[in-house]
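Let's go through this one in questions and answers. Have the sequence and the coordinates open as you read.

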Amino acid sequence: MIAVDIGASSGRVIIGRLPDATSGAEPGQLAMEVVHRFPNGVSEVDGSLHWDAEGIFAEVTAGLKAAAAVVRETGERVLSIGIDTWAVDYGLLDADGRLVGPPHAYRDSRTDATIDRVHAAISPERLYAVGGMQFLPFNTVYQLAAEQDLAGQRALLIPDLLAYWLTGVERTEETNASTTALFDAREVAWSAEVFDAVGVPQLFAELIAPGQAYGTLRTEVAAATGLAADVQVVAVGSHDTASAVAAVPAADAHFAYVSSGTWSLVGLELEEPVLSEASRAANFTNERGVDGTIRYLQNVGGLWLLQESMRDWAEQGRERELTDLLAAAAELDAGPVVDANAAEFIAPGQMAGRIRAAVERAGDTLPAAPGEADALGAASGVDPDQAATVRCIMDSLAAGYAASLAAAAELSGQRPQVVHIVGGGSQNTLLCQLTADATGLPVLAGPVEATAQGNLLVQARAAGLISGGLAELRRAVAADLVRYQPRA
């Protein structure tokens, strides 16, 4: 199987295999090989932020060509391709199926002028009762309301647009559809009520569930990549978080998850959405997952705070290794915390200073001021203010995770027995231990590559290589899990 896994800053094309016992890998567990990497990012065109969708597709095609070359050498056969990306953004097609223009990026400010207009047409309370989506200013419903003229056009979310260019078939994968705030969470269908209220036509293609196929490769794509024309493009959890949660190696249903990276997604896996007013007020979202599950979660500030602080220190000539920073922070006692979700931490630049200022506004102080030195700094090369800032970030994230999970349990009635941390943050031993301490629950860390594994495992099941539900899917996850027990 081939996973196309694309984020806001980079993309990868990955071959996935389910090895047999003779391969040296554990039987039944997924093996992965990255065959192509490429950068991604927004660009400004005529004063607006856009994605270069056609450039992304060119990189996807290059990655598929690289994968085809690998399998020719090994004598293997490609069964399918699955695509996951970020959510909410879309491309518009004209009557001939051509892209009208480069898709807008979710960070573009064009929705600022449409939010009040949408809420005047349909209240935030009613929007939540229908779709269960947390308020985010870039939700698709606000983006469509900002479009000037949609007559005669069609819309495809980004992973569906890429699948269309591969197959010629227009479909909308439902985990991503659920993020648009144009989706009825109970009916699992597009909401005519929301489209009518907002005054935009229903532009999206019919829904498809993870595991179903868009179609096979177009003749031109097969020729350009060297892949066989009968290779299927299979819908996976095309919203990358849906794929990541599908690869959480949970042993039973009573688990919480943290998909930890630049941002953190913290929540529970449920059977039904929670559409109460209390849930809306707490800003929880109900996103559809693989096999009809509900990803009931909050966005919590993530390792962005650490990444940006490290960038600032590097610009000051105070660059330090991450391992040294975390080791020095672990030597400190718990200190003050900040709200990792605060709007003041969204923008880049001078992050460490903003964190210190937020602590001081709350009437507290970090233990050391910038530039101070002591034995700890001399021994590790880490200045005390750096260690104190990193400890503040780690404590703040753990506190945010614990608060979100407590609220999720209260609002849903489902009490988790364990927390699974997947993604890059699963390698951060200090964060994992502090999360166990803050939640009072054991933490299981891993896998790092949850999104790609979830993508590939849904494909494997569609091909008949795995049978059963999510429990069977998760047993094929390849990860050396590390367990952290809460400390008294």
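A salt bridge here is a side-chain nitrogen of Lys or Arg within 4 Å of a carboxyl oxygen of Asp or Glu. This is a predicted model, where local features need pLDDT of at least 70 and side-chain atom pairs count only at pLDDT 80 or more, while totals for chains, interfaces and linings use all residues. Residues are numbered from 1 along each chain as its sequence is written, and side-chain values use heavy atoms, with hydrogens and water left out.

Q: How many salt bridges does the count come to?
A: Side chains of opposite charge can pair when their charged atoms come close. Going by the cut-off above, the count of salt bridges is 26.

Q: Arg 12 and Glu 449 form a salt bridge; how far apart in sequence are the parts that the pair ties together?
A: The closest N and O atoms of Arg 12 and Glu 449 are 2.9 Å apart. Arg 12 sits in strand E2 (residues 10-17), and Glu 449 in the loop between strand E20 (443-445) and helix H17 (450-462). Helices (H or I, at least four residues) and strands (E, at least two) are DSSP runs, numbered from the N terminus. So the pair ties together parts whose separation in sequence is 437 residues.

Q: Is Arg 12 buried or exposed?
A: Buried means under 20% relative accessible area, exposed over 50%, and partly exposed in between (1.4 Å probe, protein chains only). Glu 449, at 30%, is partly exposed. Arg 12 has a relative accessible area of 12%, so the word for Arg 12 is buried.

Q: Where does the salt-bridge partner of Glu 147 lie?
A: Glu 147 meets the side chain of Arg 110 at 3.1 Å, N to O. The pair links distant parts of the chain, 37 residues apart, with Glu 147 in the loop between H4 and strand E8 (154-157). Glu 147 is buried at 18%, and Arg 110 is buried at 17%. Arg 110 lies in the loop between E7 and H2.

Q: Which helices does the salt bridge of Arg 126 and Glu 193 tie together?
A: These two side chains meet at 2.8 Å, N to O. Arg 126 is partly exposed at 38%, and Glu 193 is partly exposed at 36%. The residues are 67 apart in sequence, and the helices are H3 for Arg 126 and H7 (residues 192-198) for Glu 193.

Q: How many aromatic pairs are there?
A: A pair of aromatic rings is described by the distance of the centres and the angle of the planes. Rings of Phe, Tyr and Trp (its six-membered ring) pair if their centres lie within 6.5 Å; planes under 30 degrees apart count as stacked, over 60 as edge-to-face and the rest as tilted. By this rule the number of aromatic pairs is 10.

Q: What kind of aromatic pair do Tyr 106 and Phe 138 form?
A: Their ring centres are 5.1 Å apart, with 55 degrees between the planes. Tyr 106 is buried at 18%, whereas Phe 138 is partly exposed at 24%. The pair counts as tilted.

Q: What about the rings of Phe 284 and Tyr 296?
A: Phe 284 is buried at 0%, and Tyr 296 is buried at 0% too. The centres lie 4.8 Å apart and the planes are at 20 degrees, so the pair is stacked.

Q: Which residue in the hairpin of E4 and E5 takes a positive phi?
A: Two strands pair if DSSP finds at least two bridges between them. E4 (residues 42-45) and E5 (residues 48-51) run antiparallel and are joined by 4 bridges, and Val 45 is partnered with Ser 48. There are 2 residues between the strands, and the one with a phi near 55 degrees is Asp 46.
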